[in-house]
Amino acid sequence: RRKQRRRKTSCSEKMKLRLSEEQSRGKVEVSAEAGKSEGKELKIMQWNVNGLRRRDLIFSLIQMHNVDIAIFQEAKLDPGEIKILRNDAGKLGFLTFASDPLYRPDGSVYDGNVILSKRQAKIVQIAGLDDAVALAVAVDRNERAMAMVVGVHLPAVWSDAEKATALDLIIEEAKIRDAEMIVAGDFNMEY
């Protein structure tokens with residue numbers, strides 16, 4: 001009997017398989033309903049990406065769904081990688097907002113939020129929260145309206161009370177700015 005040789009799966013094929021699996025399990029979310037206003041649709045993608053290094057495939061997904069805003073948690077990018085991401089995203093018409101990287105004692109990068117926006121946007125500082133926990137941008141919705149888009153990655157080690165306080169701070173900031181609010185991310189909460 002002749003053994004069948006298994007074809008090796010390339011890294012990009014594995015990533016495409018992972019993307020389609022995560023889409024089918026709901027880990028990658030693309031929504032056209034969020035942010036609908038006066039007939040103007042705001043397509044948003046959110047993904048706890050666990051490393052934003054395969055930009056070619058991620059950009060393919062963004063373009064395939066014609067996403068306006070992409071929100072990523074656990075980007076794990078150092079300053080040089082953020083610069084490359086900003087350049088690559090800019091070529092596709094996206095502004096890039098990234099939290100400062102967090103480093104482990106061994107020097108490796110962990111965590112980090114990234115928001116890419118096709119719409120005009122500016123960074124919003126949420127009082128009392130580091131941008132690695134909640135990265136927020138104010139996005140132009142139309143001539144008269146602004147939406148606050150927040151990418152959240154609440155630390156798993158925080159208590160539910162600390163997480164609730166963080167969410168209260170985000171809601172308060174939206175109220176102060178009189179802005180509609182879109183919050184997406186990894187809340188690490190168990191209910």
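Select isoleucine 123 to begin, and across from this residue you will find valine 137, which belongs to strand S9. This is a predicted model, in which local features need pLDDT of at least 70 and side-chain atom pairs count only at pLDDT 80 or more, while totals for chains, interfaces and linings use all residues. Residues are numbered from 1 along each chain as its sequence is written, and side-chain values use heavy atoms, with hydrogens and water left out.

Next, select residues 134-140, which are S9, together with S8; these two pair in the antiparallel sense over four bridges. Strands here are DSSP runs (E, at least two residues) and helices likewise (H or I, at least four), numbered from the N terminus, and two strands pair if DSSP finds at least two bridges between them.

Within H4, pick isoleucine 171, which counts as partly exposed because its relative accessibility is 37%; buried means under 20% relative accessible area, exposed over 50%, and partly exposed in between, with a 1.4 Å probe and protein chains only.

Finally, move to helix H2 at residues 55-64, where the buried residues are Arg55, Leu57, Ile58, Phe59, Leu61 and Ile62. Just after H2, stop at asparagine 66, which takes a positive phi of about 50 degrees.
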